[in-house]
Amino acid sequence: MIYLDQAATSWPKPPEVLKAMTDVLENAGGNPGRSGHRLSIAAARIIYDTREEISRFFGVSDPLRVIFTGNATHAINLALKGILKPGDHVITSSMEHNAVMRPLRNLEKRGIRLSIVPCASNGTLDAKDIGRMVASDTRLVVMVHASNVVGTLLPVAEVAAIVHQAGALLLVDVAQTAGIIPMDMTAMGIDLLAFTGHKELQAPPGIGGLVIADHIDIAQIDPLICGGTGSRSESEEQPDDLPDKFESGTANLAGIAGLGAGLRWLKDRGIEEICAHLKTLSRMLIDGLSAFPEVKIYGTLDPARSIAVVSFTVAGRHVSEIGFRLDEEYGVLSRVGLHCAPAAHKTIGSFPEGTVRLAPGVFTTTEDIRLAIRAIGRVIRS
Amino acid sequence: MTLYGVILFHTTSSVLRVEKRLIKEGFAIRLVPTPRQFSSDCGIALRFDWNDHERITSMLGEEKVEFAAIHFLDANPV
């Protein structure tokens with residue numbers, strides 16, 4: 001089996017991640033921050049240590065500004081719904097996943113003005129187009145770091161400069177890039193960063209987070225969920241302390257332990273090395289697919305401007321048939337359709353049919369890619 | 001006989017952050033359940049040797065560490 005659906009979720013997970021998850025449930029299974037006994041403290045320590053590792057990983061100095069959520073979608077909802085108020089203006093790109101588009105459409109109904117900056121058909125965004133849409137009431141710009149459909153990287157640092165000049169905030173969805181591109185929020189000018197654990201951070205599903213830059217005043221962010229935090233229990237009001245203000249309810253301890261192990265595993269493996277490996281695989285995929293005249297590849301076709309996510313269609317054939325036969329006849333696992341990103345498919349011109357998406361990961365070998373391309377050739381020629 | 005003091009915090013994350021810092025400085029400290037006589041919070045607190053009281057409080061002040069309160073525990077373990 002050749003798993004080329006890493007952009008949906010990474011698989012397999014490193015054994016160290018699975019071990020950390022079983023270890024924590026066996027040996028540190030108390031409720032963190034609720035009781036004062038050793039199991040509760042052991043659990044709280046694992047969560048705090050992971051918070052520290054995440055803050056270092058993304059380049060913020062205060063670990064308490066790492067807010068754990070269920071996934072990137074949850075983190076994006078927290079940021080958007082916590083900050084935007086009726087009358088505010090928000091800008092996004094036309095390459096967004098529904099994790100961004102749907103909360104924005106929902107907020108639009110509550111009196112928030114939404115502008116969508118059109119991207120080019122290869123998924124690229126001209127930062128100046130954001131500048132042209134900025135107005136005096138622009139509160140926030142939200143954008144994906146790299147498209148989950150075609151892998152195109154968006155110019156985050158350039159957009160950040162424009163956004164900050166206008167006195168607005170920048171929220172970036174790094175679901176696809178965290179773990180494969182070295183990232184420093186401060187250097188990139190990101191005010192709020194939404195990540196998920198289960199993709200290239202190698203963690204299990206069900207854990208993600210919102211990282212709030214050191215200079216952001218948290219008073220301007222309302223919690224998405226209120227409830228028990230184990231702190232200030234005498235009060236029926238939600239506390240203002242970080243991270244408790246945004247983290248009500250018992251945490252996903254096993255997920256957080258897995259996330260910590262995933263980060264340590266990535267550090268050992270080296271993100272620069274992973275990045276270089278994926279560029280090689282991406283080049284192979286683009287070159288291999290380009291040899292078939294009936295195949296149309298979307299995106300920049302340039303591994304220097306994209307992550308290793310390659311989308312294609314075959315003239316006269318449905319993507320569902322290609323995906324099914326790749327799985328059934330050759331054990332090549334892809335994802336076909338709209339990838340929860342109708343706006344992105346409209347931008348690249350593949351709506352409503354969608355594309356076949358191939359996304360290799362850190363465990364994918366060059367031999368896997370060679371075999372996958374041979375399989376694709378056989379499927380499209382028969 | 002050791003006399004103890006206890007530092008109360010608003011969040012578990014803050015306790016753990018300060019615990020790490022104090023261990024690094026070589027203080028003999030221990031996490032204990034928050035003594036009920038001082039707070040209704042359900043979490044943990046940081047117990048220290050009362051002899052270190054001044055050094056610890058000045059360090060917390062210098063580093064602008066947020067905490068809820070510091071109490072003298074006497075010789076009670078918690």
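A residue is taken here as buried if 20 or more other C-beta atoms lie within 10 Å of its own C-beta atom. In the predicted model described here, Gln202(A) has 27 C-beta neighbours inside 10 Å and therefore counts as buried. This residue is found in the loop between strand 7 (192-196) and strand 8 of chain A, and its backbone carries a positive phi, near 70°, in a residue other than glycine. His339(A) lies in the loop between strand 12 (335-337) and helix 11 of chain A, and because 24 C-beta neighbours are placed inside 10 Å, His339(A) counts as buried.

Two peptide bonds of chain A were also examined. The bond from Leu242(A) to Pro243(A) is cis, with omega near -5°, and Pro243(A) is placed in the loop that runs between strand 8 (208-212) and helix 8 (253-269) of chain A. The bond from Phe351(A) to Pro352(A) is likewise cis, with omega near 5°, and the place of Pro352(A) is in the loop between helix 11 (342-348) and strand 13 (355-358) of chain A. As background to these backbone features, most residues other than glycine have a negative phi, and most peptide bonds are trans.

Between the two chains, 15 residues of chain B are in contact with 20 residues of chain A. On the side of chain B that touches chain A, the elements that give two or more residues are helix 1 (12-24) and strand 2 (29-33) of chain B, and the largest share, four residues, comes from helix 1 of chain B. By class, this side of chain B is made up of six nonpolar, seven polar and two charged residues.

Methods: Residues are numbered from 1 along each chain as its sequence is written. Chains are lettered from A and ligands numbered from 1 in the order in which they are written. This is a predicted model: local features need pLDDT of at least 70, side-chain atom pairs count only at pLDDT 80 or more; totals for chains, interfaces and linings use all residues. Two residues are in contact if their C-beta atoms, placed from the backbone, lie within 7 Å. Ala, Val, Leu, Ile, Met, Phe, Trp, Tyr, Cys and Pro count as nonpolar, Asp, Glu, Lys and Arg as charged, and the others, Gly among them, as polar. A residue is buried if 20 or more other C-beta atoms lie within 10 Å of its own, exposed if 12 or fewer, and partly exposed in between; C-beta atoms are placed from the backbone.
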